[in-house]
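Subject: Structure handover

Hello,

Please find the structure below, sequence included. My notes on it follow.

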Amino acid sequence: MTAAIPTTEPTSFTAGDTVAWVKTLGDYPASAGWTLAYAFINSAAKFTITASASGDDYSVTVPAATSAAYASGTYTWVATVTKASERYTVGTGSAVVRPNLAAASTYDTRSAARKALDAADLALATYGAKAYLQSYEIAGRSQRFQDPGAFMAWRDKLKAEVRREENAAAIAAGRRPRNQVLARFNTR
């Protein structure tokens, strides 16, 4: 049994999968010579997709081999139609390209906050009280501290952010968050 082809742009898909949808644009039918194209872009990558005419509609299909080359991340997309010298924007949105874990040899599932906290903890273990003198670059952002207090405040901020992430994951999995306080009262 074949899955039904969606009639809206995907909000997420996995790199290395075939991605398909059908788009209907009543004011710009493909049969009248209009061409539909999508541009997906983020701070690190860009790719384009051109739809095929299917009667008045547009058929969009990205083969698995093509999507395998897409870098994972969140992309902003814009859809435009063109005909001769005319061009109109007909849609915008965002989509998440998930990594193809089946093709990966390794994958770091830690969030940016967890990676930064782990680096800060490693610096403390390695340099002790002089950890604040080190400069750090994580996910393209660099950080340098003037005093131990600023370093420890940054580390505390990271710990709070990691705790929020862990609590959100626990709630999503149906578990109690770690910051939940349970109380029992005696009523005699």
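**Salt bridges**

Asp118 and Arg110 form a salt bridge, with their closest N and O atoms 2.8 Å apart. The term stands for a side-chain nitrogen of Lys or Arg within 4 Å of a carboxyl oxygen of Asp or Glu. Before the rest, please note that this is a predicted model, in which local features need pLDDT of at least 70 and side-chain atom pairs count only at pLDDT 80 or more, while totals for chains, interfaces and linings use all residues. Residues are numbered from 1 along each chain as its sequence is written, and side-chain values use heavy atoms, with hydrogens and water left out.

Asp118 is partly exposed, at a relative accessible area of 26%, and Arg110 is partly exposed too, at 35%. Here buried means under 20% relative accessible area, exposed means over 50%, and partly exposed lies in between (1.4 Å probe, protein chains only).

A second salt bridge joins Arg114 to Glu166, where the closest N and O atoms are 2.9 Å apart. This pair links distant parts of the chain: Arg114 sits in helix H2 (residues 112–127) and Glu166 in helix H3 (residues 148–172), 52 residues apart. Helices (H or I, at least four residues) and strands (E, at least two) are DSSP runs, numbered from the N terminus. Arg114 is partly exposed, with a relative accessible area of 23%, and Glu166 counts as partly exposed at 28%.

Glu166 also meets Arg178 in a salt bridge, at 3.2 Å from N to O. Glu166 lies in H3 and Arg178 in the segment after H3, so this pair ties together parts that are 12 residues apart in sequence. Arg178 is exposed, with a relative accessible area of 56%.

The residues above belong to a network of salt bridges that links Asp108, Arg110, Arg114, Asp118, Glu166 and Arg178. In the whole structure, the search finds seven salt bridges.

**Aromatic pairs**

Rings of Phe, Tyr and Trp (its six-membered ring) pair if their centres lie within 6.5 Å; planes under 30 degrees apart count as stacked, over 60 as edge-to-face and the rest as tilted. By this rule there are 12 aromatic pairs.

In one of them, the ring centres of Tyr38 and Trp77 are 5.7 Å apart and the planes stand at 65°, so the pair is edge-to-face. Tyr38 is in strand S3 (residues 35–41) and Trp77 in strand S7 (residues 73–83), and the pair links these distant parts of the chain, 39 residues apart. Tyr38 is buried, with a relative accessible area of 2%, and Trp77 is buried at 8%.

In another pair, Phe47 and Tyr70 have their ring centres 3.6 Å apart and their planes at 10°, so this pair is stacked. Phe47 lies in strand S4 (residues 46–50) and Tyr70 in the loop between helix H1 (64–67) and S7, so the pair ties together parts that are 23 residues apart in sequence. Phe47 and Tyr70 are both buried.

One aromatic cluster is formed by Phe13, Trp21, Tyr38, Phe40, Phe47, Tyr70, Tyr75 and Trp77.

**Helix H2**

The expected span of a helix is 1.5 Å times one less than its number of residues. For the 16 residues of H2 this gives 22 Å, and its end C-alpha atoms are 22 Å apart, which agrees.

Ala113, Ala116, Leu117, Ala120 and Ala123 are buried in H2. They cover an arc of only 120° around the axis, which puts them on the same side of H2; the arc is that of the directions from the helix axis to the C-beta atoms. Leu122, Ala125 and Thr126, on the other side of H2, are exposed.

Strand S6 (residues 57–62) has a covered face made of Tyr58, Val60 and Val62, and an uncovered face made of Asp57, Ser59 and Thr61. Two strands pair if DSSP finds at least two bridges between them.

Strand S2 (residues 19–23) runs antiparallel to S6 and is joined to S6 by five bridges. Ala20 stands opposite Thr61 in S6. Strand S5 (residues 52–54) is also antiparallel to S6, with three bridges between them, and Ser52 has Ser59 as its bridge partner in S6. S5 and S6 form a hairpin with two residues between them, and Gly55 in the turn has a positive phi of about 70°.

Regards
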